[in-house]
Amino acid sequence: MLPLVRWIEVNRRRSSPYLAEADLDYWYALSPFEPIPLRNGIELLRALARDFGPDIGMKIVNQASVVELGFIGGVALGARNPLEALQRLSHAMPMHSSHETFRVSIEEDQVHIHHTLAFQVDDESTHAVHVLLISMLQQLMRFTGLQSPLLRRVEMMPHPKAGLAHISKTFSDRLLPSKSGVLNVSIDLSVAQVPFQAVARDRTANPRVGQIQPLTEDRSLAASIRPVIAAMLHGGEPTIERIARAFGGSVRSLQRRLSDEGTSYSEQLDLVRRELALAHLNEGDVSLTDLSERLGYSAQSALTRAVRRLTGLTPSQLADDPRF
(Lines give C-alpha, C1' and ligand atoms only; values in the text may rest on other atoms or scores of the structure.)
Protein backbone atom coordinates (compact mmCIF):
# COMPACT_ATOMS: atom_id res chain seq x y z
CA MET A 1 0.00 0.00 0.00
CA LEU A 2 2.77 2.46 0.84
CA PRO A 3 4.17 2.82 -2.69
CA LEU A 4 0.66 3.31 -4.11
CA VAL A 5 -0.25 6.01 -1.61
CA ARG A 6 3.14 7.69 -1.92
CA TRP A 7 2.82 7.79 -5.73
CA ILE A 8 -0.56 9.51 -5.44
CA GLU A 9 0.76 12.11 -3.02
CA VAL A 10 4.03 12.77 -4.87
CA ASN A 11 2.03 13.41 -8.03
CA ARG A 12 0.02 16.06 -6.19
CA ARG A 13 -3.20 14.15 -5.86
CA ARG A 14 -5.11 13.47 -2.68
CA SER A 15 -4.90 9.85 -1.58
CA SER A 16 -7.83 10.00 0.85
CA PRO A 17 -10.58 9.86 -1.84
CA TYR A 18 -8.94 6.83 -3.46
CA LEU A 19 -8.60 5.06 -0.12
CA ALA A 20 -12.19 5.88 0.82
CA GLU A 21 -13.50 4.58 -2.51
CA ALA A 22 -11.71 1.28 -1.88
CA ASP A 23 -12.91 1.23 1.76
CA LEU A 24 -9.32 1.56 2.98
CA ASP A 25 -9.49 4.97 4.63
CA TYR A 26 -8.34 3.38 7.92
CA TRP A 27 -5.00 2.49 6.30
CA TYR A 28 -3.26 5.54 7.76
CA ALA A 29 -3.66 4.07 11.26
CA LEU A 30 -2.12 0.70 10.42
CA SER A 31 1.41 -0.45 11.12
CA PRO A 32 3.49 -1.86 8.23
CA PHE A 33 2.82 -5.40 9.50
CA GLU A 34 -0.97 -5.20 9.64
CA PRO A 35 -2.76 -6.75 6.63
CA ILE A 36 -5.44 -5.19 4.48
CA PRO A 37 -8.16 -6.97 2.46
CA LEU A 38 -6.54 -8.01 -0.81
CA ARG A 39 -9.68 -7.32 -2.84
CA ASN A 40 -9.81 -3.75 -1.58
CA GLY A 41 -6.14 -3.25 -2.38
CA ILE A 42 -6.76 -4.49 -5.93
CA GLU A 43 -9.72 -2.11 -6.23
CA LEU A 44 -7.39 0.77 -5.35
CA LEU A 45 -4.82 -0.35 -7.92
CA ARG A 46 -7.51 -0.64 -10.61
CA ALA A 47 -8.81 2.85 -9.82
CA LEU A 48 -5.30 4.26 -10.24
CA ALA A 49 -4.87 2.37 -13.53
CA ARG A 50 -8.10 3.89 -14.85
CA ASP A 51 -7.08 7.42 -13.88
CA PHE A 52 -3.36 7.30 -14.71
CA GLY A 53 -3.04 4.57 -17.33
CA PRO A 54 -2.76 0.76 -17.36
CA ASP A 55 1.02 0.99 -16.89
CA ILE A 56 0.54 2.52 -13.42
CA GLY A 57 2.32 -0.42 -11.79
CA MET A 58 5.52 0.45 -13.66
CA LYS A 59 5.26 4.10 -12.62
CA ILE A 60 4.70 3.19 -8.96
CA VAL A 61 7.64 0.78 -8.78
CA ASN A 62 9.99 3.09 -10.69
CA GLN A 63 9.34 5.79 -8.11
CA ALA A 64 9.48 3.57 -5.02
CA SER A 65 12.47 2.13 -3.22
CA VAL A 66 12.49 -1.55 -2.28
CA VAL A 67 12.12 -0.52 1.36
CA GLU A 68 8.83 1.20 0.49
CA LEU A 69 7.51 -2.06 -0.93
CA GLY A 70 6.82 -3.04 2.67
CA PHE A 71 7.27 -6.47 4.21
CA ILE A 72 8.02 -8.13 0.87
CA GLY A 73 10.71 -5.56 0.10
CA GLY A 74 12.17 -6.04 3.56
CA VAL A 75 12.47 -9.78 3.05
CA ALA A 76 14.14 -9.38 -0.33
CA LEU A 77 16.63 -6.81 0.94
CA GLY A 78 18.42 -9.33 3.12
CA ALA A 79 19.29 -11.60 0.18
CA ARG A 80 22.61 -11.87 -1.64
CA ASN A 81 21.19 -12.31 -5.15
CA PRO A 82 17.81 -12.32 -6.96
CA LEU A 83 17.37 -16.09 -6.65
CA GLU A 84 17.77 -15.99 -2.89
CA ALA A 85 15.43 -13.00 -2.71
CA LEU A 86 12.76 -14.80 -4.75
CA GLN A 87 13.03 -17.91 -2.59
CA ARG A 88 12.67 -15.78 0.52
CA LEU A 89 9.59 -14.13 -0.96
CA SER A 90 8.08 -17.53 -1.70
CA HIS A 91 8.52 -18.58 1.93
CA ALA A 92 7.29 -15.22 3.23
CA MET A 93 4.10 -15.10 1.18
CA PRO A 94 1.93 -16.89 3.81
CA MET A 95 2.70 -13.97 6.14
CA HIS A 96 1.95 -11.44 3.43
CA SER A 97 -1.30 -12.75 1.98
CA SER A 98 -3.77 -15.54 2.63
CA HIS A 99 -5.36 -15.40 -0.83
CA GLU A 100 -2.49 -15.46 -3.29
CA THR A 101 0.40 -17.77 -4.02
CA PHE A 102 3.94 -16.94 -5.13
CA ARG A 103 5.91 -20.05 -6.02
CA VAL A 104 9.50 -20.28 -7.21
CA SER A 105 11.02 -23.34 -8.86
CA ILE A 106 14.20 -24.16 -10.77
CA GLU A 107 14.24 -26.32 -13.88
CA GLU A 108 17.56 -26.80 -15.63
CA ASP A 109 18.83 -23.28 -16.46
CA GLN A 110 15.58 -21.44 -15.68
CA VAL A 111 13.98 -19.94 -12.58
CA HIS A 112 10.19 -20.07 -12.84
CA ILE A 113 7.87 -17.79 -10.89
CA HIS A 114 4.19 -18.64 -10.62
CA HIS A 115 1.67 -16.20 -9.11
CA THR A 116 -2.05 -16.79 -8.66
CA LEU A 117 -4.95 -15.24 -6.80
CA ALA A 118 -7.29 -17.49 -4.85
CA PHE A 119 -10.37 -15.63 -6.08
CA GLN A 120 -11.72 -14.30 -9.36
CA VAL A 121 -11.21 -10.68 -10.38
CA ASP A 122 -11.92 -8.97 -13.70
CA ASP A 123 -9.29 -8.96 -16.46
CA GLU A 124 -8.54 -5.26 -16.01
CA SER A 125 -7.71 -5.78 -12.33
CA THR A 126 -5.65 -8.89 -13.06
CA HIS A 127 -3.64 -6.95 -15.64
CA ALA A 128 -2.97 -4.17 -13.13
CA VAL A 129 -1.73 -6.71 -10.57
CA HIS A 130 0.50 -8.41 -13.15
CA VAL A 131 2.06 -5.13 -14.29
CA LEU A 132 2.85 -4.24 -10.69
CA LEU A 133 4.40 -7.65 -10.00
CA ILE A 134 6.57 -7.88 -13.11
CA SER A 135 7.75 -4.31 -12.49
CA MET A 136 8.77 -5.33 -8.97
CA LEU A 137 10.63 -8.35 -10.36
CA GLN A 138 12.39 -6.21 -12.95
CA GLN A 139 13.38 -3.70 -10.27
CA LEU A 140 14.73 -6.49 -8.09
CA MET A 141 16.89 -7.77 -10.95
CA ARG A 142 18.28 -4.30 -11.61
CA PHE A 143 20.04 -4.31 -8.24
CA THR A 144 22.54 -6.70 -9.82
CA GLY A 145 23.70 -3.89 -12.09
CA LEU A 146 22.64 -5.82 -15.20
CA GLN A 147 20.84 -4.09 -18.03
CA SER A 148 17.37 -4.86 -19.37
CA PRO A 149 15.78 -7.05 -20.55
CA LEU A 150 16.20 -9.12 -17.39
CA LEU A 151 13.10 -11.34 -17.60
CA ARG A 152 13.34 -14.10 -20.17
CA ARG A 153 9.63 -14.80 -20.59
CA VAL A 154 6.45 -13.31 -19.15
CA GLU A 155 2.98 -14.80 -19.55
CA MET A 156 0.45 -12.32 -18.19
CA MET A 157 -3.10 -11.10 -18.55
CA PRO A 158 -3.40 -8.45 -21.32
CA HIS A 159 -5.37 -5.29 -20.69
CA PRO A 160 -8.91 -5.61 -22.17
CA LYS A 161 -8.33 -2.57 -24.43
CA ALA A 162 -4.61 -1.74 -24.44
CA GLY A 163 -3.39 -5.32 -24.64
CA LEU A 164 0.35 -5.56 -23.87
CA ALA A 165 1.64 -2.90 -26.26
CA HIS A 166 1.84 -0.17 -23.60
CA ILE A 167 4.52 -2.06 -21.64
CA SER A 168 6.33 -3.78 -24.52
CA LYS A 169 8.96 -1.03 -24.71
CA THR A 170 10.13 -1.90 -21.19
CA PHE A 171 9.81 -5.67 -21.40
CA SER A 172 10.77 -6.09 -25.06
CA ASP A 173 9.36 -9.07 -26.93
CA ARG A 174 9.32 -11.27 -23.82
CA LEU A 175 5.60 -10.74 -23.24
CA LEU A 176 2.98 -13.37 -24.04
CA PRO A 177 -0.75 -13.14 -23.33
CA SER A 178 -2.30 -15.45 -20.76
CA LYS A 179 -6.05 -15.85 -20.44
CA SER A 180 -5.93 -18.01 -17.32
CA GLY A 181 -5.32 -15.17 -14.88
CA VAL A 182 -2.04 -16.78 -13.85
CA LEU A 183 1.25 -14.92 -14.05
CA ASN A 184 4.24 -17.02 -15.16
CA VAL A 185 7.70 -15.47 -15.34
CA SER A 186 10.95 -17.16 -16.35
CA ILE A 187 14.44 -15.83 -15.58
CA ASP A 188 17.76 -17.30 -16.66
CA LEU A 189 19.35 -19.03 -13.68
CA SER A 190 22.70 -17.44 -14.51
CA VAL A 191 21.09 -14.00 -14.25
CA ALA A 192 19.22 -14.80 -11.03
CA GLN A 193 22.48 -15.86 -9.36
CA VAL A 194 24.35 -12.62 -10.10
CA PRO A 195 25.14 -10.98 -6.73
CA PHE A 196 23.45 -7.74 -5.81
CA GLN A 197 25.81 -4.80 -5.95
CA ALA A 198 25.12 -4.08 -2.28
CA VAL A 199 23.45 -6.37 0.23
CA ALA A 200 21.28 -4.41 2.58
CA ARG A 201 20.67 -5.25 6.21
CA ASP A 202 18.41 -8.28 6.68
CA ARG A 203 15.04 -6.86 7.69
CA THR A 204 13.79 -10.31 8.70
CA ALA A 205 16.05 -10.01 11.75
CA ASN A 206 13.46 -7.62 13.16
CA PRO A 207 11.92 -9.55 16.09
CA ARG A 208 8.43 -8.28 15.21
CA VAL A 209 8.60 -10.09 11.87
CA GLY A 210 9.34 -13.36 13.62
CA GLN A 211 6.24 -12.92 15.76
CA ILE A 212 3.90 -12.70 12.79
CA GLN A 213 1.88 -15.87 12.34
CA PRO A 214 1.34 -17.04 8.75
CA LEU A 215 -2.06 -15.80 7.64
CA THR A 216 -2.85 -19.12 5.97
CA GLU A 217 -2.17 -21.25 9.06
CA ASP A 218 -5.94 -21.47 9.62
CA ARG A 219 -7.69 -21.59 6.24
CA SER A 220 -11.20 -20.98 7.58
CA LEU A 221 -13.17 -17.93 6.51
CA ALA A 222 -13.41 -16.85 10.15
CA ALA A 223 -9.60 -16.76 10.41
CA SER A 224 -9.41 -14.78 7.16
CA ILE A 225 -11.78 -12.02 8.25
CA ARG A 226 -10.34 -11.52 11.75
CA PRO A 227 -7.28 -9.52 10.55
CA VAL A 228 -9.61 -7.47 8.33
CA ILE A 229 -11.89 -6.71 11.28
CA ALA A 230 -8.88 -5.72 13.40
CA ALA A 231 -7.66 -3.34 10.70
CA MET A 232 -11.08 -1.80 10.09
CA LEU A 233 -11.60 -1.18 13.82
CA HIS A 234 -9.14 1.71 13.48
CA GLY A 235 -11.97 3.61 11.83
CA GLY A 236 -14.82 2.51 14.11
CA GLU A 237 -16.91 -0.65 14.22
CA PRO A 238 -16.91 -2.32 10.79
CA THR A 239 -20.28 -3.36 9.44
CA ILE A 240 -20.90 -6.83 8.09
CA GLU A 241 -21.52 -5.19 4.68
CA ARG A 242 -17.92 -3.93 4.60
CA ILE A 243 -16.57 -7.34 5.54
CA ALA A 244 -18.72 -8.95 2.84
CA ARG A 245 -17.24 -6.54 0.28
CA ALA A 246 -13.71 -7.52 1.32
CA PHE A 247 -14.79 -11.18 1.22
CA GLY A 248 -16.11 -10.70 -2.31
CA GLY A 249 -19.62 -12.02 -1.72
CA SER A 250 -23.00 -11.03 -0.38
CA VAL A 251 -23.86 -10.57 3.28
CA ARG A 252 -26.02 -13.71 3.17
CA SER A 253 -23.19 -15.72 1.63
CA LEU A 254 -20.79 -14.51 4.33
CA GLN A 255 -23.28 -15.35 7.08
CA ARG A 256 -23.91 -18.79 5.60
CA ARG A 257 -20.20 -19.60 5.32
CA LEU A 258 -19.55 -18.50 8.91
CA SER A 259 -22.56 -20.49 10.10
CA ASP A 260 -21.16 -23.58 8.39
CA GLU A 261 -17.98 -23.05 10.42
CA GLY A 262 -20.03 -22.86 13.63
CA THR A 263 -19.64 -19.13 14.20
CA SER A 264 -21.06 -15.75 13.21
CA TYR A 265 -19.85 -12.28 12.34
CA SER A 266 -20.78 -10.89 15.76
CA GLU A 267 -18.83 -13.70 17.46
CA GLN A 268 -15.76 -12.97 15.35
CA LEU A 269 -16.04 -9.24 16.07
CA ASP A 270 -16.23 -9.99 19.80
CA LEU A 271 -13.24 -12.35 19.53
CA VAL A 272 -11.09 -9.76 17.77
CA ARG A 273 -12.01 -7.08 20.26
CA ARG A 274 -11.28 -9.37 23.19
CA GLU A 275 -7.83 -10.29 21.82
CA LEU A 276 -6.98 -6.67 21.07
CA ALA A 277 -8.14 -5.56 24.52
CA LEU A 278 -5.99 -8.19 26.23
CA ALA A 279 -2.98 -7.35 24.08
CA HIS A 280 -3.20 -3.61 24.78
CA LEU A 281 -3.95 -4.02 28.48
CA ASN A 282 -0.99 -6.37 28.87
CA GLU A 283 1.27 -3.71 27.36
CA GLY A 284 0.29 -1.42 30.22
CA ASP A 285 0.06 2.37 30.30
CA VAL A 286 -2.95 2.52 27.98
CA SER A 287 -5.88 4.78 28.74
CA LEU A 288 -9.40 3.46 28.51
CA THR A 289 -10.22 6.32 26.15
CA ASP A 290 -7.47 5.22 23.74
CA LEU A 291 -8.51 1.59 24.10
CA SER A 292 -12.14 2.47 23.35
CA GLU A 293 -11.06 4.23 20.17
CA ARG A 294 -8.81 1.34 19.09
CA LEU A 295 -11.62 -1.18 19.54
CA GLY A 296 -14.10 0.91 17.59
CA TYR A 297 -16.35 1.94 20.48
CA SER A 298 -17.96 5.36 20.45
CA ALA A 299 -17.57 5.84 24.21
CA GLN A 300 -15.60 4.43 27.14
CA SER A 301 -18.85 3.24 28.74
CA ALA A 302 -19.50 1.03 25.69
CA LEU A 303 -16.04 -0.50 26.11
CA THR A 304 -16.66 -1.21 29.79
CA ARG A 305 -20.00 -2.90 29.06
CA ALA A 306 -18.50 -4.99 26.26
CA VAL A 307 -15.48 -6.14 28.29
CA ARG A 308 -17.73 -7.05 31.22
CA ARG A 309 -20.00 -9.02 28.86
CA LEU A 310 -17.06 -10.89 27.30
CA THR A 311 -14.99 -11.56 30.43
CA GLY A 312 -17.14 -10.79 33.47
CA LEU A 313 -14.62 -8.10 34.49
CA THR A 314 -14.14 -4.39 33.97
CA PRO A 315 -11.15 -3.30 31.84
CA SER A 316 -9.22 -2.29 34.97
CA GLN A 317 -9.94 -5.63 36.67
CA LEU A 318 -8.99 -7.45 33.50
CA ALA A 319 -5.61 -5.69 33.38
CA ASP A 320 -4.87 -6.78 36.95
CA ASP A 321 -6.12 -10.38 36.59
CA PRO A 322 -3.14 -12.80 36.25
CA ARG A 323 -5.29 -15.32 34.36
CA PHE A 324 -5.34 -13.08 31.27
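User: What relative accessibility does Arg 46 have?
Analyst: This is a predicted model: local features need pLDDT of at least 70, side-chain atom pairs count only at pLDDT 80 or more, and totals for chains, interfaces and linings use all residues. Residues are numbered from 1 along each chain as its sequence is written, and side-chain values use heavy atoms, with hydrogens and water left out. Buried means under 20% relative accessible area, exposed over 50%, partly exposed in between (1.4 Å probe, protein chains only). Arg 46 counts as partly exposed, at 21%.

User: Which residue forms a salt bridge with Arg 46?
Analyst: A salt bridge puts a side-chain nitrogen of Lys or Arg within 4 Å of a carboxyl oxygen of Asp or Glu. For Arg 46 and its partner, the closest N and O atoms are 2.8 Å apart. The partner is Asp 122.

User: How many residues apart in sequence are the parts tied together by Asp 122 and Arg 46?
Analyst: Helices (H or I, at least four residues) and strands (E, at least two) are DSSP runs, numbered from the N terminus. Asp 122 pairs with Arg 46 in a salt bridge. Asp 122 sits in the loop between β2 (110–117) and α7 (123–142) and Arg 46 in helix α3, so the separation is 76 residues.

User: Which helix holds the Arg 245 that pairs with Glu 43?
Analyst: The side chains of Arg 245 and Glu 43 form a salt bridge, N to O 2.5 Å. This pair ties together parts 202 residues apart in sequence, because Glu 43 lies in helix α3 (residues 38–52) and Arg 245 in helix α12.

User: What is the relative accessible area of Arg 273, the salt-bridge partner of Glu 237?
Analyst: In this salt bridge the closest N and O atoms are 3.1 Å apart. Glu 237 lies in the loop between α11 (221–232) and α12, and Arg 273 in helix α14 (residues 265–283). Glu 237 is partly exposed at 45%. Arg 273 is buried, at 5%.

User: At what angle do α11 and α14 pack?
Analyst: Axes are lines fitted to C-alpha atoms, for helices over the stretch in contact (heavy atoms within 4.5 Å), and angles run from 0 to 180 degrees between N-to-C directions. The axes of α11 and α14 are 10 Å apart. The packing angle is about 55 degrees.

User: How many salt bridges does the structure hold?
Analyst: Side chains of opposite charge can pair when their charged atoms come close. Arg 80, Glu 84 and Arg 88 are linked in a network of salt bridges. The structure's total is 10.
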